[in-house]
Amino acid sequence: MSEYIVRADLLGKSFPGPKRGEENIVFESVNFRLKRGEFVTCIGHSGCGKSTILNILAGLEKPTSGGVLVDGKEVDGPGLDRAVVFQNHSLLPWLSAQDNVDFAVRAKWPEWTEKHVEEHSRRYLSLASLTEGLDRKPHALSGGMRQRVGIARAFALETEVLLMDEPFGALDALTRGSIQDELIKIWSDTRKTVFMITHDVDEAILLSDRIFLMTNGPKANIAEAVVVDIPRPRNRGDIIHYPGYYDIRNHIIDFLVQRSKELSGSVRTVPVEEIKTAGKLVYPPDVNPLNGAIENGSERKLA
Amino acid sequence: MNRNNILAGVLSLVLLVVFLSVWQMLTTTTTHVAAATSMSPAEVETLTGKGMSGADVEAYSADGLTFDQIDQIAGLGLTRDEINSAGGIQSFGFTTGGAAEEAQTGFPSPTQVWREASEQIFNPFYDRGPNDKGIGIQLQYSLMRVMTGFVLAIIVAVPLGFLVGMSPLWNAAINPYVQVLKPISPLAWLPVALFLIKDSEQASIFVIFICSIWPMLINTAFGVANVKEDWLNIAKTLELSRMKTAFRVILPAAAPTILTGMRISIGIAWLVIVAAEMVIGGVGIGYYVWNEWNGLNLASMIFAIVVIGVVGLILDFALGQALRLIEYKE
């Protein structure tokens with residue numbers, strides 16, 4: 001069993017441009033690895049193609065070039081080995097909260113009895129702190145509860161890999177905070193590999209083992225992978241007092257404000273030496289297979 | 001909201017009352033001539049001789065009854081008071097001369113229509129030969145035709161709509177035909193159907209079928225084609241088979257749109273059956289209206305028209321309720 005459960009090699013996505021023969025390249029030669037049980041978030045400006053990368057991992061979109069291996073098997077379509085939490089909850093509105101989770105569980109284990117399915121669903125719903133109102137339809141649930149059901153549905157499939165596309169994007173700050181806590185809880189209980197897209201820097205630091213920073217599109221790329229070495233268990237209240245928290249935060253914000261633009265279009269990235277941060281930065285993070293630093297991605301502690 | 005509903009109800013009632021009184025006024029001032037029949041002393045004597053009091057004879061003749069009618073009443077051997085307490089002479093099968101005159105000379109008044117209606121409502125299933133059947137039997141025939149044509153249309157339109165909705169290729173291929181066939185009046189098909197099927201019953205069912213099919217086909221295709229991408233993605237990530245996706249995701253998602261199509265269809269079908277039956281004849285609510293017109297039974301014709309409206313309302317209400325059952329909020 002390889003240490004890496006997900007390998008994305010030389011991923012590229014482009015669309016035909018307005019003129020004949022012209023191509024709009026969203027990103028090209030994107031390379032990354034996800035370790036088993038790792039929580040990785042991906043941050044970048046709109047249009048950098050991060051959702052496209054997630055959809056390629058999910059099998060809902062095909063890359064123009066390159067490919068993805070999950071657990072050694074090539075991804076050539078959506079499948080039950082990867083669960084997806086979509087941006088706008090995507091619950092089936094004619095089914096109750098419980099039925100929505102049951103629906104997914106039944107699809108994965110069609111041979112299970114009704115009772116078994118329900119118990120299984122209820123276990124994951126309660127992991128996501130949902131014990132009441134399970135017979136309510138999604139429209140009768142609050143935004144936070146809907147997203148909890150979506151998360152419970154994904155985790156209930158017990159897949160090795162979970163993909164989350166800005167799951168908290170539509171929620172207010174308070175709800176977002178409590179669901180983040182629940183996500184941490186359910187993830188530490190199950191230790192699955194999570195790849196999550198977010199716009200929220202604090203959320204990324206709170207949840208992640210590593211944070212991928214993407215340059216702006218077109219021709220976007222993952223420029224850096226910031227290792228968040230803040231010890232777990234983490235919680236929202238304490239994490240900001242951790243020495244180095246603001247160094248990581250400032251580094252990411254500086255990237256998003258400044259360098260994501262400067263680096264746009266370049267496949268290579270700035271010398272790591274120029275980056276001043278207390279966190280550990282890995283670059284290439286087991287990233288670029290072209291320069292030979294694939295499996296043993298050299299980690300460098302920065303002063 | 002609630003207050004508004006009550007106000008609306010009151011206003012509706014006021015409008016109805018105004019409408020009915022104007023109708024009543026217009027139809028009675030011109031035609032209601034319950035002229036008293038004059039009777040010769042000899043005739044009066046004959047009647048009193050049969051045991052009827054002079055006062056009763058006068059009262060009946062003032063009602064406009066003829067000598068023959070009063071004579072028959074006298075044969076019953078009951079006083080006017082006894083007859084009145086038993087429901088009046090109408091309940092013994094007599095009509096007053098005034099009323100008979102009214103029905104024949106002008107447009108019926110609301111009270112006449114009501115009299116006709118109450119008779120029909122309490123005996124809707126009588127059958128006195130091919131040209132005189134109760135309104136219940138007429139409705140039964142019409143509804144059977146509508147339901148048969150409608151169900152056949154569902155069987156064809158919903159699967160076809162699924163195909164068209166799921167496949168842009170089929171959509172593009174079939175769309176021109178739908179666009180050409182849709183605006184053809186269903187009645188235009190009637191001669192074709194009569195020639196091909198050679199059975200008026202089946203021809204009218206065919207007409208219902210052909211007029212019901214378009215709204216259902218178009219709505220099903222639209223509903224299926226517009227199922228949210230997110231829900232289809234859920235089905236894909238759960239590796240549902242095509243059949244399961246169709247039945248467990250697309251069908252429930254498109255069901256409200258499909259049922260709305262059915263609701264439009266049944267409305268059109270109910271409009272069309274009346275016209276079709278007028279042409280085809282035999283039995284059915286449409287033919288009934290036409291037949292009453294030919295027999296100048298205007299009161300009964302108007303009653304039938306009201307019944308058509310009420311049945312249409314019930315059909316629409318039934319599908320509206322079904323729609324509420326499968327509707328979902330996002």
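This is a predicted model: local features need pLDDT of at least 70, side-chain atom pairs count only at pLDDT 80 or more; totals for chains, interfaces and linings use all residues.
Local features need pLDDT of at least 70 and side-chain atom pairs count only at pLDDT 80 or more, while totals for chains, interfaces and linings use all residues. Residues are numbered from 1 along each chain as its sequence is written, and chains are lettered from A and ligands numbered from 1 in the order in which they are written.

Reader: In which sense do β3(A) and strand β9 pair?
Author: Strands are DSSP runs of E of at least two residues, numbered from the N terminus, and two of them pair if DSSP finds at least two bridges between them. β3(A) and strand β9 (residues 210–214) are joined over four bridges, and their sense is parallel.

Reader: Which residue of β8(A) does Val40(A) stand opposite?
Author: β3(A) also pairs with strand β8 (residues 193–197) of chain A, in the parallel sense and over four bridges. Within β8(A), the residue opposite Val40(A) is Phe195(A).

Reader: How many of the five residues of strand β3 are buried?
Author: A residue is buried if 20 or more other C-beta atoms, placed from the backbone, lie within 10 Å of its own, exposed if 12 or fewer, and partly exposed in between. Both faces of β3(A) are covered, with Phe39(A), Thr41(A) and Ile43(A) buried on one side and Val40(A) and Cys42(A) on the other. Of the residues in strand β3 (residues 39–43), the number buried is five.
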